Amino acid sequence: MIVPLAAASAVDVAARIVTQKMADNMGQQIVILNQPGASGLIGAEQVARAQPDGYTIGGFNDSIMTMVPNLQSNVRWDILRDFEPVSLVATVEWGLVAGNQTSYQSAADLIAAAKTAPGRIDYSSGGPGSPQHLAMAMFSAGAGISLTHVPYKGATQAAADIAGGQIPVGFQGLGTVAAMVRGGRLRLIGVATPKRLPQFPGVPTISESGLPGFVFNSWFAIMAPARTPKDIIARLDAEVLKALGDADVRRKLEDLGFTIRGDSAAELGAMTRAQLEKYARVIKEIGIPRE
């Protein structure tokens with residue numbers, strides 16, 4: 001499984017939990033290869049160009065699938081033409097995090113600070129077109145504030161530099177930052193969910209604490225190269241569902257802020273087409289330039 005994202009990022013964490021159970025069930029080792037950089041373009045291309053025999057698959061987030069194609073002009077593959085959907089394994093719930101060196105306790109605090117210092121507060125992301133980038137761009141547009149984007153080569157380093165005090169704030173998938181939040185290295189000041197999460201009951205939603213109606217999450221989806229035989233796709237899909245049926249797998253994912261899905265190949269394909277169109281519209285509306 002090629003994961004075009006940094007090790008310890010939300011999708012990487014979920015992929016390791018799920019594929020370990022799949023491997024146990026199948027009696028077939030699954031090796032994860034992290035290939036971060038270029039907003040996931042390089043790793044995704046390796047999957048697209050791989051032999052369609054079921055032995056090379058991709059563990060993607062929806063940034064790679066539906067955000068980056070709307071933001072980058074040098075994409076050398078087509079998500080609808082060059083890949084076969086396998087399963088939407090889980091959704092990654094998201095939160096707004098701040099470093100302990102800041103005074104921010106809520107989304108409202110960040111909005112107020114940004115209004116008094118336009119463009120002077122930095123935020124980190126996993127790169128241009130990453131979900132961290134798009135989430136904060138949507139948040140900033142909705143709140144009517146201006147923040148400065150500092151892109152990194154992956155979500156893990158982007159989060160680490162908030163914890164280290166180099167960057168004050170950022171959006172992150174909770175699977176990436178849950179351990180740092182629980183360990184006191186990061187402050188979770190809002191969750192981008194419709195309701196508070198049972199894993200972090202004391203953390204308000206962004207909607208209730210600064211920006212009404214703001215909701216954001218991302219995907220952990222498995223994709224295969226185009227022309228992978230349908231029986232192989234069906235087998236992989238079934239193995240994902242079997243792994244997600246394990247109580248220990250579910251507990252680990254839910255503790256990290258994931259919502260279990262297990263949607264089928266057909267459902268993932270339809271969702272990909274719809275979200276491509278959605279983000280094309282959103283990106284145009286909030287004015288993120290194409291690179």
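**Entry 1. The model and its conventions**

I am working with a predicted model, in which local features need pLDDT of at least 70 and side-chain atom pairs count only at pLDDT 80 or more, while totals for chains, interfaces and linings use all residues. Residues are numbered from 1 along each chain as its sequence is written, and side-chain values use heavy atoms, with hydrogens and water left out.

**Entry 2. Aromatic pairs**

I next looked up the rings. Rings of Phe, Tyr and Trp (its six-membered ring) pair if their centres lie within 6.5 Å; planes under 30 degrees apart count as stacked, over 60 as edge-to-face and the rest as tilted. The count by this rule is six aromatic pairs. One of them joins Trp77 and Phe83, edge-to-face, at 5.5 Å centre to centre and with 90° between the planes. Trp77 has 5% relative accessibility and so counts as buried; Phe83, with a relative accessible area of 3%, is buried.

I then returned to Phe139. Its ring and that of Phe214 have centres 5.8 Å apart and planes at 85°, so this pair is edge-to-face. Phe139 lies in helix α5 and Phe214 in the loop between α8 (206-209) and β9, so the pair ties together parts that are 75 residues apart in sequence. Phe214 counts as buried at 6% relative accessibility. For the element names I note that helices (H or I, at least four residues) and strands (E, at least two) are DSSP runs, numbered from the N terminus.

I also noted that Phe60, Trp77 and Phe83 form one aromatic cluster.

**Entry 3. Strand β9 and its partners**

Two strands pair if DSSP finds at least two bridges between them. Strand β3 (residues 58-60) is joined to β9 by three bridges, and the two run antiparallel. Strand β4 (residues 83-99) also pairs with β9 in the antiparallel sense, over nine bridges. Within that pairing I located Ser87 opposite Ile222 of β9. How much of β9 (residues 217-225) is covered? I found the strand mostly covered, with eight of its nine residues buried.

I followed β4 to Leu96, which is found in that strand. Leu96 is buried, with a relative accessible area of 0%. From C-alpha to C-alpha, Leu96 and Gly170 are 5.9 Å apart in space, although 74 residues apart in sequence.

**Entry 4. The cavity**

On a 1 Å grid over the protein atoms alone, a cavity is a set of points where a 1.4 Å probe fits but cannot get out, and a pocket is an open set with protein on both sides within 12 Å along at least five of seven lines; lining residues have an atom within 4 Å of a point. Grid points are joined across faces, edges and corners, and a volume is the space filled by probe spheres set on the points.

I found one cavity of 30 Å³ or more. The largest cavity holds about 210 Å³ of space. Its lining has 25 residues, and Leu5, Asn61, Pro131, Gln132 and Ala155 lie nearest its centre. Two or more lining residues come from each of α1 (10-26), α3 (62-71), β4, α5 (131-143) and β7 (169-173). I class Ala, Val, Leu, Ile, Met, Phe, Trp, Tyr, Cys and Pro as nonpolar, Asp, Glu, Lys and Arg as charged, and the others, Gly among them, as polar. The lining of the largest cavity has 10 nonpolar, 14 polar and one charged residue.

Which residues lie closest to the centre of the largest pocket? The volume of this pocket is about 340 Å³. Of its 15 lining residues, Met26, Gln28, Gly54, Tyr55 and Leu236 are closest to the centre. Helix α9 (230-244) gives the largest share of this lining, three residues. The classes are nine nonpolar, four polar and two charged.

The second largest pocket holds about 160 Å³ of space. Among its lining residues I recorded Tyr123, His133, Met136 and Pro289. Helix α5 supplies the largest share of this lining, four residues. I counted eight nonpolar, four polar and no charged residues there.

Technical notes
Buried means under 20% relative accessible area, exposed over 50%, partly exposed in between (1.4 Å probe, protein chains only).
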